Amino acid sequence: QVQLVESGGGLVQAGGSLTLSCAVSGRTFSAYAIGWFRQAPGKEREFVAAIRYDGGRTYYTESVKGRFTISRDNAKNTVYLQMNSLKAEDTAVYHCATDPRRYYTGTSYGSDVYDYWGQGTQVTVSS
């Protein structure tokens, strides 16, 4: 059974930093892209970032470019989201998810593409 567990969320002041982790089990981790999404209260879930199965390509939503960095350690079955210069509008529950397409080299923006999801970790940025 595929499981994803996020960690690293918390309360931080605007301008601060957090690093989220997503530990994946039950799947050949190195064969699949991983994405991060977030959902703020009263808003739809939105794409944040994604990383190709081999880490060779990354994608970001425009609002986090230059501030967030997604990376992966295939030896540890873990994906990270380094978040710098946090803003109040970054406040949300952050979820990671797996793209089911093995060795996929295209983009992975849409949430409907992903098959397994973690329960999420809360990030709160105070202004």
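Here are some exercises on a predicted model, each followed by a worked solution.

**Exercise 1. Two aromatic pairs**

Describe the ring pair of F37 and W117, then do likewise for Y53 and Y103.

*Solution.* 

Step 1. You need two quantities here, since a pair of aromatic rings is described by the distance of the centres and the angle of the planes. The model has seven aromatic pairs.

Step 2. For F37 and W117, the centres are 4.9 Å apart and the planes meet at 55°, so this pair is tilted.

Step 3. Where do the partners sit? F37 is in strand β4 (residues 34–39) and W117 in strand β10 (residues 116–117), so their pairing ties together parts that are 80 residues apart in sequence.

Step 4. Check the accessibility. F37 has a relative accessibility of 1% and counts as buried, while W117, at 25%, counts as partly exposed.

Step 5. Turn to Y53 and Y103: with 5.2 Å centre to centre and 85° between the planes, this aromatic pair is edge-to-face. Y53 lies in the loop between β5 (46–51) and β6 (58–60), and Y103 in the loop between β9 and β10, so the pair ties together parts that are 50 residues apart in sequence.

Step 6. Y53 counts as buried at 18% relative accessibility, whereas Y103 counts as partly exposed at 43%.

**Exercise 2. A ring cluster and charges over rings**

List the residues that ring pairs link into a cluster with F37, and find which residue lies over the face of W117.

*Solution.* 

Step 1. Follow the ring pairs from F37: the cluster consists of F37, F47, Y59, Y109, Y114 and W117.

Step 2. Now look over the face of W117, where you will find R45 at 4.0 Å from the ring centre.

Step 3. F29 has an arginine over its face as well: R72 lies there, 4.4 Å from the ring centre.

**Exercise 3. Two threonines**

Determine what the side chains of T98 and T121 reach.

*Solution.* 

Step 1. T98 is placed in strand β9 and, with 1% relative accessibility, counts as buried.

Step 2. The side chain of T98 makes a polar contact of 2.9 Å with the side chain of R27. Another polar contact, of 2.7 Å, joins the side chains of T98 and D115.

Step 3. Compare sequence with space: T98 and Y116 are 18 residues apart in sequence, yet their C-alpha atoms are 5.5 Å apart.

Step 4. T121 lies in strand β11 (residues 121–126) and counts as buried at 11% relative accessibility.

Step 5. The side chain of T121 reaches the backbone nitrogen of G9 at 3.1 Å. Beyond neighbours within four places in sequence, T121 is in contact with several residues, including E6, L20 and Y94.

**Exercise 4. A hairpin**

Work out which residues of β7 are on its covered face and how many bridges join β7 to β8.

*Solution.* 

Step 1. Sort strand β7 (residues 68–73) by face: F68, I70 and R72 are on the covered face, and T69, S71 and D73 are on the uncovered one.

Step 2. Strand β8 (residues 78–83) runs antiparallel to β7, and six bridges join the two. In one of them, D73 has T78 as its bridge partner.

Step 3. Finally, inspect the turn. β7 and β8 form a hairpin with four residues between them, and N77 in the turn has a positive phi of about 55°.

How values were computed: Residues are numbered from 1 along each chain as its sequence is written. This is a predicted model: local features need pLDDT of at least 70, side-chain atom pairs count only at pLDDT 80 or more; totals for chains, interfaces and linings use all residues. Side-chain values use heavy atoms; hydrogens and water are left out. Rings of Phe, Tyr and Trp (its six-membered ring) pair if their centres lie within 6.5 Å; planes under 30 degrees apart count as stacked, over 60 as edge-to-face and the rest as tilted. Buried means under 20% relative accessible area, exposed over 50%, partly exposed in between (1.4 Å probe, protein chains only). A charge sits over a ring if NZ of Lys or CZ of Arg is within 6 Å of the ring centre and within 35 degrees of the ring normal. A polar contact is a pair of N or O atoms within 3.5 Å; within protein, one must be able to donate a hydrogen and the other to accept it, and residues adjacent in sequence count only if both atoms are side-chain atoms. Contact means heavy atoms within 4.5 Å. Two strands pair if DSSP finds at least two bridges between them.
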